[in-house]
Every structure is written in structure tokens, then in C-alpha cells.
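Work through the exercises below with the model open. Try each task before reading its solution.

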Amino acid sequence: MTIDWGNFTPWTALAGGVLIGAAASLFILLNGRIAGISGLLASLLDRGAEGRGEKLIFLLGVLLAPLLWMLFGALPVMEFQSGWIGLVVAGLLVGIGTRYGSGCTSGHGVCGISRLSPRSIVATLMFMAAGFVTVFVLRHLLGG
Amino acid sequence: MRKLASFIAGLLFGLGLLLSGMANPAKVIGFLDLAGAWDPSLVLVMAGAIGTALVPFTWARKRDRSLLDAPMQLPSKRELDGRLIGGSLLFGVGWGIAGICPGPAVAVLLSGHWQVVLFVIAMLGGMLLFSALERRRVC
């Protein structure tokens with residue numbers, strides 16, 4: 001393993017993380033809800049979901065964040081690694097997987113670990129491990 | 001009041017994702033690529049987020065109602081079952097293919113990249129597929 005010092009951005013990563021943690025803290029302390037994006041998205045698809053209005057408003061906030069960001073500067077650069085087939089397959093897997101697993105990086109990784117939930121710690125280890133293996137296979141075994 | 005709180009929390013969450021660098025799929029893959037040139041930034045995002053949220057969540061666990069008097073809705077499931085593990089593994093494979101997870105996907109949906117729009121449509125399709133499969137299981 002070599003560290004990619006050129007792309008390592010410790011300060012913005014840490015500051016971004018603090019903001020994410022502060023937002024999740026506000027949502028649980030004020031609204032009593034977990035800021036797990038996959039769960040909130042599922043309530044978008046379920047008309048009868050409990051507290052649907054509040055959940056959709058949180059998502060609206062996330063959705064509009066880039067507009068607020070653009071008042072101060074250009075949006076961060078985005079480079080995509082996969083073509084349309086990869087994006088469709090990845091999207092389907094993320095959609096199905098996060099529903100079966102009851103959460104994603106935000107719900108399990110941030111909120112779940114912060115409340116020391118064993119289920120979330122296991123889920124986070126699983127999706128990280130699967131992510132490491134997938135990138136290894138795609139980049140180093142198949143990609144060459 | 002709760003709706004305003006939701007909106008502000010969502011905005012902050014989105015700004016945090018953008019600032020953290022995790023909105024860029026190449027950066028996420030750089031973290032997942034242990035065998036290549038490894039970018040540890042995501043470790044610091046998680047450390048920053050968990051370090052900030054640990055005390056508020058510990059406090060939240062001791063309460064029945066939120067500060068705005070909403071019921072505290074913390075998950076009560078405890079068991080480590082196949083659905084949790086299998087689902088998380090599937091999610092991880094999808095995350096590794098595209099470098100996109102649900103949060104950043106929403107935060108950059110309006111950035112004008114067709115790739116994110118396609119990913120989000122497929123992700124919502126996957127969620128609908130799950131609901132359809134669940135309904136058949138119950139019937």
C-alpha cells in the first residue's frame with residue numbers, strides 16, 4: 001500500500017465530516033430522527049411512510065446544498081469511473097442492498113456508529129470490505 | 001419548527017458532503033483502492049463525523065422525546081441477521097463499482113452530471129424492487 005499524498009485532503013475531509021456529524025446530531029436531537037439517506041429516500045417512494053414530510057424536507061435540504069455552495073464558489077470537481085452500464089448496475093445494487101441492510105454510509109456509518117450500535121458497526125465493516133474487494137477486482141484483477 | 005430544523009440539518013449535511021470531497025466518485029474509489037495509491041481522506045470524514053456526533057447521540061439515547069418534542073426514533077433491532085450482512089455486502093459492491101453512495105448522490109443530483117441522475121434512477125429502481133419482493137414474501 002502506498003499513500004496517495006497528492007490527493008489526500010485531510011483538513012477539508014475532517015471539516016466536512018464535522019459538518020455531517022453536526023447535521024446528524026441536529027436531526028436526532030431536534031427531530032428525533034436518524035439522518036440515514038437510504039432510509040429517507042425509501043420514504044420518498046412510500047406514500048404511507050411515517051413522518052414523510054419532515055423526511056422529504058431533510059432530503060430537499062441535501063438536494064439544495066449545492067445551490068447554497070455555489071453562492072460562495074465553484075462546485076468540487078467530479079470524475080466518474082464507470083460508464084452507463086456500471087452506473088445502472090451500481091445503482092441497483094446500492095438500492096437493493098441498502099434496503100435489505102437497513103442503511104448506508106450515513107445511517108450505519110455515521111449515525112449507527114455514533115450510537116455504538118453493534119448492527120451498524122457490522123454493516124459498516126461489511127460494506128467497506130465489499131467495497132475494497134470490488135475495487136481490487138475491477139482495478140487490479142480485471143482492469144490490469 | 002420541526003420542518004425548519006429538518007431543512008437546516010439537510011442543508012448542513014449536504015454542505016458537509018460537498019466539503020468532505022466524498023461527492024467525487026474518483027476520491028471514494030481512491031479510498032477503496034487499498035492496493036493502489038490509497039487516499040485516506042474518507043477515514044478523516046468518518047472520524048470527524050463520528051467524533052462530533054458521539055456525544056449528541058449518547059445524549060439522545062437517554063431521552064424519550066426530542067428537544068422539539070418529537071418521539072425519539074432510534075432503531076430497536078439488535079440481531080445480526082443475514083439480511084443485514086447480505087444487504088450491506090451488496091451495497092458495498094455497488095459502492096465499489098461506481099464510487100457513489102446515497103448521500104452524495106442526492107447532494108450532487110442537481111450538479112448537472114447525467115451519471116448521477118442515471119445512478120439515482122437505478123437506485124430508486126432497486127429500492128422499488130426490494131419493496132415488491134417484500135410484498136410477495138408477506139402475501
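## Exercise 1: Strands across the chains

A:I3 stands opposite B:W38, a residue of β1(B). The model is a predicted one.

**Task.** Find in which sense β1(A) and β1 of chain B pair, and over how many bridges.

**Solution.** 
- Step 1. Locate the strands. β1(A) covers residues 2-3, and β1 of chain B covers residues 37-38.
- Step 2. Read the pairing. The two strands run in the parallel sense, with 2 bridges between them.
- Step 3. In chain A the order from the N terminus is β-α-α-α-α-α-α. In chain B the order is α-α-β-α-α-α-α.
- Step 4. Check the totals. Chain A has 6 helices and 1 strand. Chain B also comes to 6 helices and 1 strand.

## Exercise 2: The interface

**Task.** State how much area chain A and chain B bury between them, and how much of it is on carbon and sulfur atoms.

**Solution.** 
- Step 1. Take the area. About 10,100 Å² is buried between the two chains, and 78% of it lies on carbon and sulfur atoms.
- Step 2. Find the residues of chain A that lose the most area to chain B. They are A:L29, A:Y100 and A:R119, which together make up 8% of what that side buries.
- Step 3. Count the contacts. In chain A, 105 residues touch 105 residues of chain B.
- Step 4. Count the polar contacts. There are 22 such residue pairs across the interface, with both residues at pLDDT 80 or more.
- Step 5. Assign the chain A side to elements. Those giving two or more residues are β1, α1 (10-31), α2 (37-45), α3 (52-70), α4 (84-100), α5 (105-114) and α6 (118-142). The largest share, 21 residues, comes from α1(A).
- Step 6. Sort that side by class. It has 66 nonpolar, 30 polar and 9 charged residues.

## Exercise 3: Salt bridges

**Task.** Which residue of chain B forms a salt bridge with A:R119?

**Solution.** 
- Step 1. Opposite charges on side chains can pair when the charged atoms come close.
- Step 2. Identify the partner. A:R119 bridges to B:D81, with the closest N and O atoms 3.6 Å apart. The cut-off is 4 Å, so this pair qualifies.
- Step 3. Count. Between chain A and chain B there are 2 salt bridges. Over all chains the structure holds 8.
- Step 4. Look inside chain A. A:R33 and A:E54 meet in a salt bridge at 3.0 Å, N to O. The pair links distant parts of the chain, 21 residues apart: A:R33 is in the loop between α1 and α2, and A:E54 is in helix α3.

## Exercise 4: Annotated spans

**Task.** Find how much of residues 41-59 of chain B is helix, and how far apart the end C-alpha atoms are.

**Solution.** 
- Step 1. Start from the record. In an unreviewed entry, UniProt annotates residues 41-59, 80-100 and 112-133 of chain B as "transmembrane region".
- Step 2. Take residues 41-59 of chain B. They are 100% helix and 0% strand, with end C-alpha atoms 28 Å apart.
- Step 3. Take residues 80-100 of chain B. They are 81% helix, and the ends are 25 Å apart.
- Step 4. Turn to chain A. The UniProt entry, also unreviewed, lists residues 12-35, 56-77, 83-100 and 121-142 under that name.
- Step 5. Residues 12-35 of chain A are 83% helix, with ends 21 Å apart. Residues 83-100 of chain A are 94% helix, with ends 26 Å apart.

How values were computed. Residues numbered from 1 in each chain as written. Chains lettered and ligands numbered in written order. Predicted model: local features only at pLDDT ≥ 70, side-chain atom pairs only at ≥ 80, totals over all residues. Heavy atoms only, no water. Contact = heavy atoms within 4.5 Å. Buried area = accessible area lost by both parts, 1.4 Å probe. Salt bridge = Lys/Arg side-chain N within 4 Å of Asp/Glu carboxyl O. Polar contact = N/O pair within 3.5 Å; in protein donor to acceptor, adjacent residues only side chain to side chain. Helix = DSSP H or I, 4+ residues; strand = E, 2+ residues; numbered from the N terminus. Nonpolar A, V, L, I, M, F, W, Y, C, P; charged D, E, K, R; others polar. Pairing = 2+ DSSP bridges. UniProt positions renumbered as here; feature names shortened; annotations may be inferred.
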